[in-house]
Amino acid sequence: MASRTKPGATSVVNGSGLDSPILASAVSRAQGAGVAPRPMGRRSWKRTTWRTDDGQEGGDLVAFEHDGSLKWQRQAPWLGTASPSIALADLDADGDVEIIAGRAVADHDGTTLWVADDEVVPHASTTAADLDGDGDLEVVLGHSAYHHDGTVYYRSTLEPGYPQVANLDADPDPEILVVGPSGISVLEHTGEVKYAGRTQAGVPAAWWDRPATIHDFDGDGAAEFAASSAYQYSVFDAEATLRWTSSIDDASGLAAGTAFDFLGDGTAEAMYADQSRLFIYDGDGRIALSVPRSSWTAIEYPVVADVDDDGSAEIVVVSNAYHERQTAPTVQVIADAEDRWIAARRIWNQHAYHVTNVREDGTIPTVQPPSWRLLNTFRTNAQIEGEEACEPPLL
Ligand SMILES: [Ca+2]
Ligand SMILES: [Ca+2]
Ligand SMILES: [Ca+2]
Ligand SMILES: [Ca+2]
């Protein structure tokens, strides 16, 4: 695959179209060879069986030490459910971290604890939340959820989709936003369907088969969410009423976005990366900045963190060869030219990131603070303002 990789490079791209003072420069450093994933065909929530090199169904779950050396490697039949992303949480609050992927849970040394009966979407991004408030985390597949011991907590009438947990209404309990091939749905924390199968005018419900982002985009104190189809990136209010939409092109995968209030003015800028560009949107959904990238998109999305510890947030976006052509370094770090963007945490550890799932030092809390009572976000990072830059927030 060497021909599909781009060697290390540093480049500066002048930002354009961004209102001052958000004018950005992009400083890019490739972080090693990129490997283009194979293009995906038509997706279905039905299980796709993948096999290891020796022909066994599933894949290997691999853990590395902090220096990159191998810690352990376990064959995991449940990884046959089409490359799920991995999440970490201490489900039973006993001090040992469990490993969640797709519809399965392993303990901290990779031993499978249980596998859920329910199917998940390909490239599933299962999360964990204490939905019933008993101190243990439930494993949230979306259309269903399980107690930490593998017993069913709820099983809804929905088809499988991608779960996001936040408070999306007036009651203090969390809701589960499920976005998938059946459209946009919200469940109460009990699993009761609040609404199901919504979409925006002119877009088939089946196109929303991608992970979503929850954030207070307009700073009014109530959470909105961003979701994407193959050709739209859109922000909705909590009832799935469209706020704004912008055209994107992601027929090859199921990319997602994030958001961050770079200026600290109360309005968050949304970000999304399709097959050829990273877009940053202003509060009205206008493109404020776009940066070249290339990808046969799978499930990747841009993230925001203070990766160089300078007290100003950066955006990280990856690239690979799309139609044999890679237009940007494998990893790009995009910073404000004068580091005026406000500070962010220095960590983003998993696809289903929601701030309270990990401390800034990389440790996993034994008792995970309920994110819906604090920042009430999903797939966005926390701002850190003023002199307290880069101190972990009090959560
Ligand atoms: Ca545990
Ligand atoms: Ca619980
Ligand atoms: Ca609620
Ligand atoms: Ca809002």
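## An open antiparallel sheet in a predicted model

Four strands, in the order S17-S18-S19-S20, form an open sheet with antiparallel pairing. Strands are DSSP runs of E of at least two residues, numbered from the N terminus, and two strands pair if DSSP finds at least two bridges between them. Strand S17 (213–215) and strand S20 (242–247) each have a single partner strand and stand at the edges, so one side of each lacks a neighbour in the sheet. On average, neighbouring strands of this sheet are turned by 15° against each other, direction ignored; the axes are lines fitted to C-alpha atoms, with angles from 0 to 180 degrees between N-to-C directions. Strands S18 (residues 224–228) and S19 (residues 232–236) pair in the antiparallel sense over 4 bridges, and Ala226 stands opposite Val235 in S19.

This is a predicted model, in which local features need pLDDT of at least 70 and side-chain atom pairs count only at pLDDT 80 or more, while totals for chains, interfaces and linings use all residues. Residues are numbered from 1 along each chain as its sequence is written, and chains are lettered from A and ligands numbered from 1 in the order in which they are written.

The protein chain averages a pLDDT (the predictor's confidence in each residue, from 0 to 100) of 85, and 82% of the residues score at least 70. Two stretches are listed below, with contacts (C-beta atoms, placed from the backbone, within 7 Å) counted beyond near neighbours in sequence.

| Stretch | pLDDT | Contacts in the model |
|---|---|---|
| Residues 1–48 | below 50 | 98 contacts |
| Residues 385–392 | below 50 | 15 contacts |

Where pLDDT is low, the predicted coordinates should not be read in detail.

Leaving aside neighbours within four places in sequence, Val139 is in contact with Leu91, Ile100, Val105, Thr126, Ala128, Ala145 and Tyr146.
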